[in-house]
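Hi everyone, thanks for making time for this.

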Amino acid sequence: MCAFGSPDRQFEDLLYDGISAVKSGNKRAAQSLLNRAIMIKPVDARPYLWLSATTDNPDEQREYLEKAVALDPYNVQARRGLALLTGKIDKSRMMLEGAGVAAGERPGDVQAQARSFKCPQCGGRMAYTVASGLLRCEYCGYQQAPTLVDNSPTPIADRAEQVLDFVMPTEAGHRWAEAQQHVTCEHCGAISLLPPGQKATQCAYCGSNQLVESPELGELMDPQVIAVMRIDEKDAYKRVRDWLGRGFLAPDDLLAVARELRLRPAYYSCWTFDGTLEVRWNCEVAEGSGNSKRWMPVSGIHMQFFNDVLVPGVKALTMRELIGIEPFSLIDVEEFAPEYLAGWPAMIYDRSLSDASLVAREKVLKQLRPQLTYLIEVGREKRNLNLGASSWSGMTFKHVLLPVWIGTYHYQGKEYHLLVNGQSGKVGGYKPRDPVKMWFTIGITLAFFVFLFILYWIWEQGGGGIFPP
């Protein structure tokens, strides 16, 4: 360790030596080195974080970690250590650093009870019906309500939020998914979960019949909430027909060709994220006017709160497709219960929580960038705006199941997808365009601009008026 140099250099040397002593098991030397570092820089959280590893006393550990969090609320390691100490994270479910859960692996023997919903009168299969919101027997017509218990006055959409930093390092059990049938589409790779006893002949996403039994999946995370299907099949087809027939550029025979379309319903795994973003920015602002105008450099930090940033958990469902049928009402949701999926397939996520959080951050930054011009240095002329380092804090998430109808149709040898928001009925997707109508529109537009140009030329030749004086 270097005994000379600036206080910052001495602090870093003491901290480095203290950490090395902790890792080598010399706790007494570590305590001495870390406490000396604190004397030089008492407002740094790192020595307190490592001091918590020099004692086996839970009260002392908690005191050190609470001090570290108080000095640096964004210190993920300190917050995670405190959560472990206070029981907010189950130590038995912690993943080893750098470890993952591979398909087919199960940490320990798990007995998953398959649950099918049978009619108490005739023993037939019961399915959830959109119109009534009840479970209905497919044979005798007997109906009953899902057995849900939710007496809390706080909306489930708020209670279901989970702290990202606390959940990321854990292995989240998913007993419900283990009881379902796993079917993988060989065409698009999407994984469907089917209730026991239910058979599927087509992939719910792409419509392919190339379905194979899935291998065992690693532990998955339970959905916390579900946006219940509100659009039944008849209503979905009506909205699709209206959408296909709308728009001047749509081919006239599109409705007739698309009659082969078959809509497939499913619940899709998605992630939502809340949190706070602090982003550094710099730009140039104008001072003065006319010949005396000067451009002066300015910089600052902008804080942005974001709520319910939606990311598809199924990679086959692209962000563009999801945006096309947004918004979903993420307040109008129910606490997840398997009864809601009786008779309905679910598409399980293949985009991990960590990957989804990165996509959410990119989405927030992409939306913020054009807005920032109007949010900073209000009323001043700006140029050369750049975003710098950003920090994220207080991030929470939900795993939500969203209802979607998806259809595939062919037009002139090309395949097109369309989607229906199962909650609001909004239709989105891709439509072919009539080339004749496109060229006609382009021609009319060009003719209009030529006409304007001729009028302007006549006006110029007439000295400011169409008719000369």
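Let's begin with Thr408. Its relative accessibility is 11%, and buried means under 20%, so Thr408 counts as buried. Please keep in mind that we are looking at a predicted model.

Where does Thr408 sit? It belongs to strand β13, which covers residues 382-411.

And what surrounds it? If we set aside the neighbours within four places in sequence, Thr408 is in contact with Tyr205, Cys206, Leu261, Arg262, Arg264, Glu415, Tyr416 and His417. Look at Arg264 in that list: its side chain and the side chain of Thr408 are joined by a polar contact of 3.2 Å.

Now let's move to strand β9, residues 262-287. Is β9 mostly enclosed or mostly open? Of its 26 residues, 19 are buried, so the strand is largely enclosed by the rest of the structure.

Which strands does β9 pair with? I'll take three of them in turn.

Let's take β13, the strand that holds Thr408. Between β9 and β13 there are 21 bridges, and the pairing is antiparallel. If you'd like one to find on screen, go to Val279, whose bridge partner in β13 is Ser390.

Next comes strand β10, residues 294-312. Here β9 pairs in the antiparallel sense again, over 17 bridges. One place to look is Cys270, with Pro312 of β10 standing opposite. These two strands also make a hairpin, with six residues between them. In that turn you'll find Gly288, which has a positive phi of about 85 degrees.

Then there is strand β12, residues 346-347. β9 and β12 run parallel, and two bridges join them.

Before I stop, let's visit another part of the chain. Here three strands form an open sheet, in the order β1-β2-β3, with antiparallel pairing. Which strands are at the edges? They are β1, residues 126-128, and β3, residues 143-144, and each of these pairs on one side only. Strand β2, residues 135-137, pairs with β3 in the antiparallel sense over two bridges.

Technical notes:
Residues numbered from 1 in each chain as written. Predicted model: local features only at pLDDT ≥ 70, side-chain atom pairs only at ≥ 80, totals over all residues. Heavy atoms only, no water. Helix = DSSP H or I, 4+ residues; strand = E, 2+ residues; numbered from the N terminus. Buried < 20%, exposed > 50% of the residue type's maximum accessible area, 1.4 Å probe, protein only. Polar contact = N/O pair within 3.5 Å; in protein donor to acceptor, adjacent residues only side chain to side chain. Contact = heavy atoms within 4.5 Å. Pairing = 2+ DSSP bridges.
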